[in-house]
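These entries record, in order, what I looked up in the structure. I began with the pocket and then turned to individual helices and residues.

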Amino acid sequence: NRIDLAQKTLKTIKAIEEDSCLVCLCMCWITLHNPSAPVNAYDSLIANLNELSDKFGYSLKTYNILGTVLMIKGETEKAKQIFHAALSENNVFEMGDGDSNLHPSNHDLASIIYNYIKCNMILNLHVSAVSDSYRIGGQTVFLSTDELNIKLFALLNKMQSPLKTQFDDER
């Protein structure tokens, strides 16, 4: 997590080719890992990712970065739309047992599902936080009764993802 080394490497890459997808992804990494990045840096990051995706198409990774940045900016509803679009376009909800994409080493898929669950929790927190049940295990109830979360947890479970275990530990 050495931002200074990443910036030095980025400068070297830019000297070779300014308009490269690698340059864009490096700039994303630096912005996301830099605690002193100004808020408008996220707007530039979103614009760069959209430009990159217009050229090469969206991937689970670019969708995930976009959704995460929108969550950081507090635009959680937009983030949820991004996560949903990613899973829908990749037919993730239709994947069955034994699907080749549902394996523990598919980190991009596991990560976007994990972030989608977190996003859904944030959006619904205001509803559950005001109820007495939240104070006595309501978060766990929400995670296990919300239809979307049930689908997403089922996918993580099919993948045998360590991120599913992380959620279980948090609960």
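**Entry 1: the largest pocket**

I looked up the largest pocket and noted a volume of about 200 Å³. The model is predicted: local features need pLDDT of at least 70, side-chain atom pairs count only at pLDDT 80 or more, and totals for chains, interfaces and linings use all residues. Residues are numbered from 1 along each chain as its sequence is written, and side-chain values use heavy atoms, with hydrogens and water left out.

A pocket, on a 1 Å grid over the protein atoms alone, is an open set of points where a 1.4 Å probe fits, with protein on both sides within 12 Å along at least five of seven lines; lining residues have an atom within 4 Å of a point. Grid points are joined across faces, edges and corners, and the volume is the space filled by probe spheres set on the points.

I listed the lining as E18, D19, S20, C21, V23, C24, M27, N48, E51, L52, K55 and F56. Helix 2 (21–33) and helix 3 (39–56) are the elements that give two or more residues to it; helices here are DSSP runs of H or I, at least four residues, numbered from the N terminus. Helix 3 gives the most, with 5 residues. By class, I recorded 6 nonpolar, 2 polar and 4 charged residues in this lining. Ala, Val, Leu, Ile, Met, Phe, Trp, Tyr, Cys and Pro count as nonpolar, Asp, Glu, Lys and Arg as charged, and the others, Gly among them, as polar.

**Entry 2: T31**

I placed T31 in helix 2. T31 is buried, with a relative accessible area of 14% (buried is under 20%, exposed over 50%, partly exposed in between, with a 1.4 Å probe and protein chains only). Leaving aside neighbours within four places in sequence, I found T31 in contact (heavy atoms within 4.5 Å) with A37, A41, Y42 and L45.

**Entry 3: helix 5**

Which residues of helix 5 are buried? I noted T76, A79, F83, A86 and L87. Seen down the axis of helix 5, these fall within an arc of 90°, so they line one face of the helix; the arc is that of the directions from the helix axis to the C-beta atoms. Q81 and E89 are exposed on the other side of helix 5. Just after helix 5, I noted that N91 takes a positive phi of about 50°.

**Entry 4: I122**

I122 lies in helix 6 (residues 107–129) and is partly exposed, at a relative accessible area of 45%. Not counting residues up to four places away in sequence, I122 touches M71 and T76. The C-alpha atoms of I122 and T76 are separated by 7.5 Å, although the two residues are 46 residues apart along the chain.
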